[in-house]
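Please find below a note on the structure under review.

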Amino acid sequence: CTTLLYKCLFRLPSLSQIGPVLFHSPDVLRRMGFNLRQMQEGFYRGDGQRPFDPEALADFLNLLEPADLEQHQLGLSTHLVQECPELLEDGTAMLDATTSTAAPGRGGNPGGQIKACVLSLRAAGRVLPMLWNFTQRGPGEDADLTQGKQLLAAAREAWGPGVIRRLLVDRGFVDGAWVSEIKAGGIDVVIGLRSDMDLYEDMMGLTRLPGTKWLPATAPKLHRKPLPKRHLCHLTDLDTWSSCTAPLQGIVIRDTYPDRVEYQCLVTTDLTLTPRQIHAYSRDRWAIEESFMDLTLYWGLDHLGSCRLTVATAQMHFIFLAYTLLHLFAHQQRLASGAQTPTP
């Protein structure tokens, strides 16, 4: 497991690179915890690479079930929450899912997809993955919701009250009863609505009433140009989401392009937020998408190579872990040097 963590930190693209890079340096081997005898003799007789080869590593990882990895991270995340005060400062958590692919390969390996549902905390100027679980099912709303419920319940039980005070989720986790349950447990929710929901249609209808006020807002950061002109409509006393018993307020976001107009509807159980605060939290949720993009482009999250799904799942686990540990370490180094934390 330590070797796979180092693979991620050194950004090695495949298991086959572990030998030529990590096992080439006695200093790195010692830092990884191997002793002199293990480095000289290896763990297996007749093995050509010391202390073991990629096949041995893959065989070990293949013995790990997703539940083993989840329990490992549950314990470590609890430790990090206790030891890193920056994780407690904001109280904002974000829930989202991402899917990675293991390519088919030799030996009849069929490959396949792995979905990771990730609970992140906003800290140190970034959104950091803190807890996750896995399924080999394909993408789907029901799978997202099931995984998300399990993940939040595990985090609340392990981390205790007060760590998560606000949860940002997208429309893939829409469930009124669950939103009500979360609110009853002391956590406010900010969530986007699907366009086929009655509440979405009602909010859009309210914006067409005479005297509706639209507030100017900061345009989204998009790669395509020109950027739209963005406005917000604030709506209170929303009560047509039948399965949600918690009081709601929300905003309708209107983006006006030269050739079209696009809308989004968001609601929250926090009735103290202003329209611009709700909008700010909706923009914050995109930070987890940026983390996933970073993990995909630079950490190989969706370039796991040809391997068994169990081995691919273990690689995803250590990619998330290395990413969070590295950024927490960098943040603490900045604090020690007196430097300011950069904004995301």
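The points below go from the whole chain to single residues and pairs.

1. Basis of the note. This is a predicted model, in which local features need pLDDT of at least 70, side-chain atom pairs count only at pLDDT 80 or more, and totals for chains, interfaces and linings use all residues. Residues are numbered from 1 along each chain as its sequence is written, and side-chain values use heavy atoms, with hydrogens and water left out.

2. Overall description. The chain contains twelve helices and nine strands; helices (H or I, at least four residues) and strands (E, at least two) are DSSP runs numbered from the N terminus. Along the principal axes, the C-alpha atoms fill a box of roughly 80 × 50 × 45 Å. Of the 344 residues, 48% are buried, where buried means under 20% relative accessible area, exposed over 50%, and partly exposed in between (1.4 Å probe, protein chains only).

3. Surface and contacts. The accessible surface of the chain is about 17,100 Å², and carbon and sulfur atoms hold 53% of that area; the areas come from the Shrake-Rupley method with a 1.4 Å probe, and for residues only the protein chains shown count as cover. Among contacts with a separation of 6 or more, 61% link residues 24 or more positions apart, contact meaning heavy atoms within 4.5 Å.

4. Helix H1. Residues 2-9 form helix H1, which is largely enclosed by the rest of the structure because six of its eight residues are buried. These are Thr3, Leu4, Leu5, Tyr6, Lys7 and Cys8. Their cover includes helix H2 (18-21), helix H3 (26-31), helix H5 (54-61), helix H11 (275-299) and helix H12 (309-337). After H1 comes Arg11, with a positive phi near 55 degrees.

5. Asp144. Is Asp144 buried or exposed? Asp144 counts as buried, since its relative accessibility is 13%. This residue belongs to helix H8 (residues 141-159). Apart from neighbours within four places in sequence, Asp144 is in contact with Ala97, Lys115, Cys117, Gly172 and Phe173.

6. Salt bridges. The structure holds 13 salt bridges, each defined as a side-chain nitrogen of Lys or Arg within 4 Å of a carboxyl oxygen of Asp or Glu. One of them joins Arg37 and Glu41, with the closest N and O atoms 3.2 Å apart. Both residues lie in helix H4 (residues 36-41), four residues apart, or about one turn of the helix. An α-helix has 3.6 residues a turn, so residues three or four places apart point the same way. Arg37 is exposed at 60% relative accessible area, whereas Glu41 is partly exposed at 45%.

7. Arg260 and its partners. Arg260 forms a salt bridge with Asp259 (3.1 Å, N to O) and another with Glu262 (2.8 Å, N to O). Asp259 is exposed, with a relative accessible area of 62%. Arg260 is partly exposed at 30%, and Glu262 is partly exposed at 34%.

8. Negative patch. Asp198, Glu201, Asp202, Asp237 and Asp239 form a patch of negative charge on the surface. Patch residues have over 30% relative accessible area and no salt bridge, and like charges are joined within 9 Å. Helix H10 (residues 198-207) supplies the largest share, three residues. Glu201 is located in H10 and is partly exposed, at 48% relative accessibility.

Methods. Patch = residues over 30% accessible without salt bridge, like charges linked within 9 Å, V, L, I, M, F, W, Y side chains within 5 Å. Lys, Arg positive; Asp, Glu negative; His and termini not counted. Charge placed at Lys NZ, Arg CZ, Asp CG, Glu CD.
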